[in-house]
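Please read this report beside the sequence and the 3D view.

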Amino acid sequence: MTITRRTALAGLGATVLATPAVAQANYPDKPIRMIIAFAAGGPTDVVGRLLAPRLSEILGQQVVVENKPGATGNIGTAMVADAKPDGYTILFSASTMAMAPALYGKQLGYDPVNGLAAIAYVASVPLILLTPIDGAKSTPELVSMLRKDPGKYSYASSGNGGMIHLASYLFAKRAGGDALHVPYRGSAPGMVDMIAGRHGFQIDTLQSSKGFIDGGKVRVIGVAAAKRLPQLPDVPTIKEAAGFDYSINTWYAAYAPAKTPRPIIDKLNAAFNQALKQPDMMKKADELAIEVIISTPEQAKQFYDSQMAFWDPIIKESGAKPE
C-alpha cells in the first residue's frame, strides 16, 4: 500500500487519540499523591493514613500521603483542584469542605461546585456532647442552663467556622438558648480548659475525646445521631434526651480534579470501597466509632451538594468568619 501524507496523518491521529485510552487502561503506573487538607495527627489525617496502605496494595502503586493544611482545608483543596486531571493527585478531606463556600465566598480559591470530581464518600463520624465532670450531668440539664442564662456559658471549638464551632452553635440554637464561642487551635486545648471548668460544654468526636473519656476527665451526656452508639450504649441521643432533632456528623470523602477521566474515577472508587471493606479496616473503624460508607461517585457528589445546602444558611445566620 502506498502511504500518502493523508494516510500518515490519519495514522498519527489515531495514535494520539489512542494514547489517553491506553494511559487510562494502565492506570496507575506510578505513585499517587493523596493530599490531606489538614494537619498530621488530626482526625482526617488518621483516617486517610489508615486507608493509604490498603489503597496502595489494591492499586499496585504506592499512595503517598502529603499534608497540606491551612485555611480550613482550602489550601490543600485548591492545590488538587489545580492539579492535572490524570488521577495521580487526589484529595482526602472532611466535612468543612461543604462549609468553606459559605465561609470564604469569592476568596475560596477554587470552584466548589465544578472544580472537583467526587470519588467516594468514605466515612461518617457522629458527634458527641461533653461536659466537665462538675458540670451538667444530662442534656436536659445543659439545655436548661443555656435557656436560663443565655450567653453565660461558653463552649470550646477547634477554630472559627469549623465543624465543632458550627455544630455547637446549632446545638445551642436548637436548644433554645445561647452560648459564647471560644475558638482554639485544635480541639485538645479547648478540652483541657473545659475540664478545668472554663466552658460549659464541648462537642467533639469520640475519636478525638476518647482519652479524656476513658480517663474520667469529662462526661458524655449525649450523642448527635439518630441512634445510640454501640461504643457508648448507655448514652442517649440528644433527641432522645432533650426532645429536639439534632443529628450532626463529621465526614470524610475523596476527590480528584475536575475532568479526570471517568475510568480513572471508577478505578479509584472501587479501590476505596474495597479498602473500606477489609476486615482490619472495619475493626479499626468500629473502635473509633467511624461508620464506613460504600458509595458511588454520584452518591458522593449528591451528599457533598446536600451538605453545602444544609450548612449555608446556618453559617450566614451565625455570622461565622474564617480565621
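A residue is called buried when its relative accessible area is under 20%, exposed when it is over 50%, and partly exposed in between (1.4 Å probe, protein chains only). The model is predicted, so local features need pLDDT of at least 70 and side-chain atom pairs count only at pLDDT 80 or more, while totals for chains, interfaces and linings use all residues. Residues are numbered from 1 along each chain as its sequence is written, and side-chain values use heavy atoms, with hydrogens and water left out.

**Salt bridges**

Side chains of opposite charge can pair when their charged atoms come close. A salt bridge is counted when a side-chain nitrogen of Lys or Arg lies within 4 Å of a carboxyl oxygen of Asp or Glu. The structure holds eleven salt bridges. Three of them are listed here.

| Pair | N to O distance |
|---|---|
| D214 and K210 | 2.8 Å |
| R228 and E240 | 2.6 Å |
| E287 and K284 | 3.7 Å |

Helices (H or I, at least four residues) and strands (E, at least two) are DSSP runs, numbered from the N terminus. D214 and K210 are four residues apart in helix α8, which separates them by about one helical turn. D214 is exposed at 56% relative accessible area, and K210 is partly exposed at 34%.

R228 and E240 form a salt bridge. This pair links distant parts of the chain, since R228 sits in the loop between β8 (218-224) and α9 (238-242) and E240 in helix α9, twelve residues apart. R228 is partly exposed at 34%, and E240 is partly exposed at 45%.

E287 and K284 lie three residues apart in helix α11, about one turn of the helix. E287 has a relative accessibility of 37% and K284 has 33%. Elsewhere, R262, D266 and E298 are linked in a network of salt bridges.

**A covered helix and a buried residue**

How many of the nine residues of helix α4 are buried? Eight are, and the helix (residues 96-104) is mostly covered. Among the buried residues are T96, M97 and Y104. The elements that cover them include α3 (74-81), β3 (89-94), β4, α6, β9 and α12 (297-318), where contact means heavy atoms within 4.5 Å. Just after α4, G105 takes a positive phi of about 60°.

N269, in helix α10 (residues 262-277), is buried with a relative accessible area of 9%. Leaving out residues up to four places away in sequence, N269 touches I119, A120, S295, T296 and P297.

**Pockets**

On a 1 Å grid over the protein atoms alone, a pocket is an open set of points where a 1.4 Å probe fits, with protein on both sides within 12 Å along at least five of seven lines; lining residues have an atom within 4 Å of a point. Grid points are joined across faces, edges and corners, and a volume is the space filled by probe spheres set on the points.

The largest pocket has a volume of about 900 Å³. It is lined by 35 residues, of which F38, P43, T96, S158 and G186 are the closest to its centre. The largest share of this lining, three residues, comes from α2.

The second largest pocket has a volume of about 400 Å³. Of its 20 lining residues, P126, K227, L229, P230 and E291 are the closest to the centre. Helix α11 gives the largest share of the lining of the second largest pocket, three residues.
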